[in-house]
Amino acid sequence: MIPVSSSSVQLPTQKTSADTPWQQLFSESLLTPEQLVQRLALPETLLTEIKQANELFQLRVPEPYLDRIKKGDINDPLLKQVLPLGLEAVQTPGYVTDPLQEKDSNPIPGLVHKYKSRVLLITAGACAINCRYCFRRHFEYQGNAISSERLEQISSYLMQHPEINEVILSGGDPLATSDYRLQKIVSKLESTPHIKRLRIHTRLPVVIPQRVTEQLVSLLKGSRLKTVWVLHINHPQEIDDQVTRVSRNLKDNGMLVLNQSVILRGINDNMTILAALSEALSEADILPYYLHTFDPVTGAAHFNVSDQEAIKLWQALQAELPGFLLPKLVREIPGKPSKTLL
Ligand code: SF4
């Protein structure tokens, strides 16, 4: 062994986003159009439309996700999910600001009760990434913020509804909030005897894997509630070593890790890509759960893939994959008692 003396030449260490605390990555995810164009070596001619669409829905991409986008490639499937386009200003008949009519299932602020045995909590009003196709891009988060007082109201609502056995933490992204606040919410849910499961719908472990802190893992591992993670990954290129490490850690700590995707025009509307996605999820110990058809939200019509096309794609996928890697193809239809299988 060669002894290392204090006079040894030190190799320069390059600081990467892997060393940066998640809170910093989160706060730095709000980019200006100029920063995005420069960081990804995009044509400056795009700036005008990026600025226009940025006014409609703010540009937000964290560094670990930027790292996975190929520089200078305007067709990169990850870039296409976050790139503001002039097309977002187009008004398309049938496309609305609340495509799932969630306002009709919002009995108290912060709580959405659509299906009999499950409720959804709007745990946070922000995300670490602003996906241009998001069906909640126009959601009224401010009026749905869960204060301590509202958490008490939610708790009373749950007590009055013994048919509810599962609570879904959603948002925004539920992990956009601190571990301390999550602890308070989980404790409140644990005190309701008929709640058995906690489901976490999140994209943060994918876009900032550092968000899954040891503190968070031990908080959930120690809970009496069975924890189910539903990640949101649309393309195999979104899964890197860090994402894999995180999902394996959750699995090793006794939690179920599932994935839901949305079929998006020009991003994953292709059997080969969807099959590769299921294979990559399997490698990362994540089970494909849902493949959603597109919800008709104002400003995102250019992502739409028709139900007929989606069904054809899914049938081709069925011939390609083992059943346990085949996600269920679903559409959410407002007012129905569950998602609709296509
Ligand atoms: S809620 Fe999900 S899909 Fe919508 S912007 Fe946030 S991370 Fe993206």
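Two strands pair if DSSP finds at least two bridges between them. Strands themselves are DSSP runs of E, at least two residues long, and helices are runs of H or I, at least four, all numbered from the N terminus. Before I go on: this is a predicted model, where local features need pLDDT of at least 70, side-chain atom pairs count only at pLDDT 80 or more, and totals for chains, interfaces and linings use all residues. Residues are numbered from 1 along each chain as its sequence is written, and side-chain values use heavy atoms, with hydrogens and water left out.

The sheet, then. It is open, with nine strands in the order E1-E2-E3-E4-E5-E6-E7-E8-E9. The pairing is mixed. E1 (111–115) and E9 (340–341) are the edge strands, each with a single partner, so one side of each has no neighbour in the sheet.

Take E7, residues 287–292. Five bridges join E7 to E6 (residues 256–262), and the two run parallel. How covered is E7? Mostly: five of its six residues are buried. By buried I mean under 20% relative accessible area; exposed is over 50%, and partly exposed lies in between, with a 1.4 Å probe and protein chains only.

Leu287 sits in E7. Leu287 is partly exposed, at 37%. Together with Leu256 and Phe324, Leu287 makes a nonpolar surface patch of about 280 Å². Patch members have over 30% relative accessible area and no salt bridge; nonpolar side chains are joined within 5 Å, like charges within 9 Å.

Over to E2, residues 118–122, which holds Arg118. Arg118 is partly exposed at 25% relative accessibility.

Now salt bridges: a side-chain nitrogen of Lys or Arg within 4 Å of a carboxyl oxygen of Asp or Glu. How many are there? The count comes to 20.

Start with Asp240 and Arg68, at 3.2 Å, N to O. They are 172 residues apart: Asp240 is in the loop between E5 (226–232) and H10 (241–252), Arg68 in the loop between H4 (63–66) and H5 (79–82). Asp240 is partly exposed at 24%. Arg68 is buried at 10%.

Next, Asp285 with Lys251, at 3.9 Å, N to O. Here the separation is 34 residues, from the loop between H11 (271–283) and E7 to helix H10. Both ends are partly exposed: Asp285 at 29%, Lys251 at 43%.

Third, Arg331 and Asp307, with the closest N and O atoms 2.8 Å apart. Arg331 lies in E8 and Asp307 in H12 (residues 307–318), so this pair ties together parts 24 residues apart in sequence. Arg331 is buried at 16%, while Asp307 is partly exposed at 22%. There is also a network: shared partners join Glu102, Lys114, Arg136, Glu332 and Lys339.

Arg331 brings us back to the sheet. Its bridge partner in E9 is Thr340. E8 (residues 328–331) and E9 pair antiparallel, over two bridges.

Last, the ligand. Which residues surround it? Cys127, Ile129, Cys131, Cys134, Gly172, Arg203 and His232. The cut-off is a heavy atom within 4 Å. That shell divides into four nonpolar, two polar and one charged. In this scheme Ala, Val, Leu, Ile, Met, Phe, Trp, Tyr, Cys and Pro are nonpolar, Asp, Glu, Lys and Arg are charged, and the others, Gly among them, are polar.

Terms used
Accessible areas come from the Shrake-Rupley method with a 1.4 Å probe; for residues, only the protein chains shown count as cover.
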